[in-house]
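Please read the numbered points alongside the sequence and the model.

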Amino acid sequence: MKTQPIDQFACTLPPEKRQSVYNGTKATHEKRTKLLAGDFADPDRLRQLAGEVKQHVIENLDTLLPQVEERLTAGGAQVHWAADAAAARRHVLAILQRRGATRLVKAKTMVSEEIELAPFLEAHGIECLETDLGEFIVQIDHDHPSHIVRPIIHKNRREIATSFEKNGLGAYNDAPEVITRRAREFMRKKYLAADAGMTGANFVVAESGRLVVVTNEGNSRFSLAAPKCHIALVGIEKLLPRDRDLALFLNLLARSATAQQLTVYTEFIRGPRAAGQPDGPEEMHVIFVDNGRTDVLAGECREILRCIRCGACMNVCPVYRQVSGHAYRSVYPGPVGAVLSPLLAGEDFLEKADLPKASSLCGACNEVCPVNIPIPDLLLRLRDKGKRAGAASPGLPPMGPWALLASQPVVWKAALIGGRLLDYIPPGLIPVPAMHAWAASRTLPKWRGGVFRKWLRQREKRKTETGERKA
Amino acid sequence: MNDDREVILSRMRGALAPLRKRAAYPNFPDDVAVMREVVDWKDPWSVFCERTRLVNGESMERVEDVVALLKANHWLHGYCDPQLWPRLAPAFGPEFTVETAFDRTRVDDYQFGITRAVGAIAETGTLILSDASTSCRLGALAPWVHIAVLRREEVMANMAQAVALLGDDPNIIWVTGPSKTADVEGILIEGVHGPGRQIALLLG
């Protein structure tokens, strides 16, 4: 039987990978919950508050963005705007070419994945090196990240050691410490030789024009210490109104993403280095990327633009834990991806229309979201949108016979009686493909058709009798 | 490509026009996310020491202790901020080679770097470096050991206070313990790109 693409991916996932993903996500989720409850009297209140701040941001982007542009420019940064992925790529290339730059070191930015920057730059003769350990391993493996915070959650140490060996990073050794030291050695030469460093931004404060970048490894700091030019790729929804909001958001982000009270390196950048400083970029560029976000803003799922990319919804999601990130076939997997990816797909919406359906609507993603995004509601809205747009529904029986059953009382009554036959026929013999799939891992309960109608009839009768007595 | 600015802003205005009312900025106190068990702690430095230990950071109150640690590990070559060195030099013996200019062509020569912090956050055990105080970003980042020097009164109680005092330095970085990763099977490894040992040294 034909199943949805996400189910097909799930079926081919090796048990070993499923286990890696399950263990990794579960451990982080449990630590996160313990930390939030231990540190704050009312962590739910903080999530709701942060959600209100971000909702204010997305509904006031038209005034906040020009404000942040003005502050950034005043701080000495150059601001660029990119309506789509192609424009963003062109901006990056133009900045690099103008400086004669051929080597770029990159800290983690999901927007760069979104616009498929690395292959584009490499085609133009620019070396583009991922410096986050996980992203680096993804890069040398020609793989894709399967989690937005932990890109190689699906890999084990043996696979990593093998690719290190293959890429000339020393003889096979799968000790995590050895892997990390080798990356350290390799990478620092690259930082020092690089012409430009690229980062994303976790937050950009409208009031001060401050870019905030958090990492644990220190790779973004290195990318901003050695190279002479800084390029930041920023989604237009990344703003916060005021500096004071940072205390709230940094507390929530670290706990939600990696179950830490604070990420190791939290960098606040207002512009290029001052004259006379020995280290740091002399030139700073901020590229604000739309790439479908204004369409999301115009639609009925705009709350998804509150997202601060912490990955907590992935860690808690029972579906993500089983299917892993690649099944979502998008830069953004998990519950947030099930909403965002079909929306950002634009004309290719239908190709991703199965994602919102791959959910039991259990609501856990909403409960852990640091900005309180009502993800289950958004999934329902997208299911509706998918249905209206004519998305395929493999695995579901056609609804025509059901409509006939449900609209003709005589047929319905006959079916209620005829249904008893199901108790005697093995499900494998029933000529409905969807039934085979369903019954492959379940047993049908005993047929109880008509029981409710009988009960209701008797209840009505009793009510009438009691009513008559009272009268 | 500059037209993209107008394209984006006009799409945005179009998207937001149908909203009858825009969501307001909520009211909340600056210290809304201060950790509850830390609120009443009196001496920020001792809180800092306790909290930074939780993230495998270290704290010391005597230069001699730092020197002893470096010696014991044979970390004898380092960088020190030129303004700090006159004060620290007497504690370092002749076996040490300490440079007050960081040569980026020899990053791996430096086993330790000593720079000035502008402050610290007790609540999270975080050190605060700014370009104004730690002008040599690489000196605080590339060596295996980073020692940040600060004064007792520079330690702030919580993150909300530190955010309020960010100021206009072009670059400020909060450092909470040594550089770390858990990318490989969730196993914690320290010293990825930055220091594997992060030490706060209280002076005066």
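**Notes on the predicted model**

1. A:Lys155 lies in the loop between α8 (133–140) and α9 (157–166) of chain A; helices are DSSP runs of H or I with at least four residues, numbered from the N terminus. This is a predicted model, in which local features need pLDDT of at least 70 and side-chain atom pairs count only at pLDDT 80 or more, while totals for chains, interfaces and linings use all residues. Residues are numbered from 1 along each chain as its sequence is written, chains are lettered from A and ligands numbered from 1 in the order in which they are written, and side-chain values use heavy atoms, with hydrogens and water left out.

2. A:Lys155 counts as buried because its relative accessibility is 6% (buried is under 20% relative accessible area, exposed over 50%, partly exposed in between, with a 1.4 Å probe and protein chains only). Its side chain makes a polar contact of 3.0 Å with the side chain of A:Asp141, and another of 2.8 Å joins it to the side chain of A:Asp143. A polar contact is a pair of N or O atoms within 3.5 Å; within protein, one must be able to donate a hydrogen and the other to accept it, and residues adjacent in sequence count only if both atoms are side-chain atoms.

3. Setting aside neighbours within four places in sequence, A:Lys155 is in contact (heavy atoms within 4.5 Å) with residues including A:Ile137, A:Ile160 and B:Glu185.

4. Between the two chains, 95 residues of chain A are in contact with 75 residues of chain B. The count of salt bridges between chain A and chain B is 7, a salt bridge being a side-chain nitrogen of Lys or Arg within 4 Å of a carboxyl oxygen of Asp or Glu. B:Arg104 and A:Asp279 meet through their side chains in a salt bridge of 3.3 Å, N to O. Helix α10 (residues 176–193) of chain A gives the largest share of the side of chain A that touches chain B, with 10 residues.

5. A:Arg71 belongs to helix α4 (residues 61–74) of chain A and counts as partly exposed, at 28% relative accessibility. A:Arg71 and A:Glu207 are 136 residues apart in sequence, yet their C-alpha atoms are 7.4 Å apart in space.

6. Helix α12 of chain A is largely enclosed by the rest of the structure, because 13 of its 14 residues are buried. Just after α12(A), A:Ala259 takes a positive phi of about 55°.

Definitions and conventions
Helices (H or I, at least four residues) and strands (E, at least two) are DSSP runs, numbered from the N terminus.
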